[in-house]
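Subject: Structure handover, with notes on charged residues

Hello,

Here is the structure for your files. My notes on its charges follow below.

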Amino acid sequence: MQRDAQQRPRRLRRCQLSVPGSSEKMMSKAAAMDVDFVFLDLEDAVAPAEKRPARARIVDALNGLDWGRTTRCVRVNDVTTEYAYEDIIEVVEGAGANLDVIMLPKAMSAADVQFVDKLLTMMEIKLKLPHRIGIDVLIEEVEAMMNVEAIAASTPRLECLIFGMGDYSASQGVSVRDIGGSGGYPGDIWHYQRHRLTIAARANRLDAVDGPFADFRDPDVYLQEARRAMILGMVGKWAIHPSQVELAQQVFSPSPDDVARARDMMRAYDAALAQGLGAVQYDGKMIDIASIRIVRNLVERAALIGM
Ligand code: COA
Ligand code: MG
């Protein structure tokens, strides 16, 4: 597991922006944005009649646009549809060298992810691709939540688990009016699902990401949902509209003050160790090796962002 984890590229996923693959205009707009991760969608944002033509538009966008530092991903249709295998074949044959990640929706089991893994392996050999294409998986069915530990361990190619609360609400029978809203439930309606998914992800050295919030004119609730996800250990949240990108990238970036404090605390702990002490006072509170493990997460995140 340790070795597999080391093979995984480390990518920023503070925000994953969803862009309909049928829209050349929105794809151009997305390429020009300063966002960590974009996924060009062939699934729910694209009407059935547009799914086949959208593949060629996505290939053109991947090959023709300047994506800068943004990670380029395509969300394919799920493996129970007539589209999934051709989605992968057309996009990877057409633009494999300019594609970083395939996103698989509605995975139910480890076998669903392994199907995509094996297909990508065959294509990488045939096409002599210079890099390995990663897989991000959406956990958005009750079956997937029950199998999330097995899905998380399904293949070293897997990089990230995403909690998709829209389809998940339908799957569990949860009654919410807007995707990602609380439906008036007291407290955090997604506490259990986010926790369980994040534990499975972290145990396999994967990223955990929070899914969409449909009411893009309500930044306050978006921020609240993003903060809940961040505190639990998730590394980012989806945006479905450009106005949500900066909000997510702020929430999932540690503040310069917190980074400076974390580095200072690590120095204080090292000084304590040099004196033979395992626990000392810092800022009037006890710190020990567990405190250091907590702040090390923050320092590593800051390094990845380049802070
Ligand atoms: N990616 C890139 N650009 C986007 C965008 C997105 N996800 N959503 C909106 N834009 C663009 C619009 O094209 C518009 O561009 P313009 O100013 O040049 O005309 C601008 O941002 C402002 O958009 P706005 O007018 O506020 O909204 P809209 O009616 O054009 O689009 C949605 C609203 C919801 C239809 C659109 O945001 C969307 O399709 N989002 C993604 C949906 C999706 O991917 N769903 C599946 C995952 S849950
Ligand atoms: Mg979905």
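How many salt bridges does a search of the whole structure find? The search finds 32. A salt bridge here is a side-chain nitrogen of Lys or Arg within 4 Å of a carboxyl oxygen of Asp or Glu.

Some ground rules. This is a predicted model, where local features need pLDDT of at least 70, side-chain atom pairs count only at pLDDT 80 or more, and totals for chains, interfaces and linings use all residues. Residues are numbered from 1 along each chain as its sequence is written, chains are lettered from A and ligands numbered from 1 in the order in which they are written, and side-chain values use heavy atoms, with hydrogens and water left out.

Start with Glu43. Its side chain meets that of Arg75 in a salt bridge, at 3.2 Å from N to O. The two are 32 residues apart: Glu43 is in the loop between β2 (37-41) and α3 (51-64), Arg75 in strand β3 (residues 71-75). Helices (H or I, at least four residues) and strands (E, at least two) are DSSP runs, numbered from the N terminus.

Glu43 also pairs with Lys106, at 2.6 Å from N to O. This pair again links distant parts of the chain, 63 residues apart, with Lys106 in the loop between β4 (101-104) and α5 (110-127).

Are these side chains buried or exposed? Glu43 counts as buried, because its relative accessibility is 2%. Arg75 is buried at 7%, and Lys106 is buried at 16%. The cut-offs: buried is under 20% relative accessible area, exposed is over 50%, and partly exposed lies in between (1.4 Å probe, protein chains only).

Salt bridges link Asp41, Glu43, Asp44, Arg75, Lys106 and Asp167.

Next, a helix-to-helix pair. Arg55 forms a salt bridge with Glu86, their closest N and O atoms being 3.6 Å apart. Arg55 lies in helix α3 and Glu86 in helix α4 (residues 84-95), so the pair ties together parts that are 31 residues apart in sequence. Arg55 is buried, with a relative accessible area of 1%. Glu86 is partly exposed, at 24%.

Last, the surface. Which residues form a positive surface patch? They are Arg202, Arg205, Arg293 and Arg296. Patch residues have over 30% relative accessible area and no salt bridge, and like charges are joined within 9 Å. Arg202 sits in helix α9 (residues 191-203). At 46% relative accessibility, Arg202 is partly exposed.

Best wishes

How values were computed: Patch = residues over 30% accessible without salt bridge, like charges linked within 9 Å, V, L, I, M, F, W, Y side chains within 5 Å. Areas by Shrake-Rupley, 256 points an atom, 1.4 Å probe, with all protein chains shown as cover. Lys, Arg positive; Asp, Glu negative; His and termini not counted. Charge placed at Lys NZ, Arg CZ, Asp CG, Glu CD.
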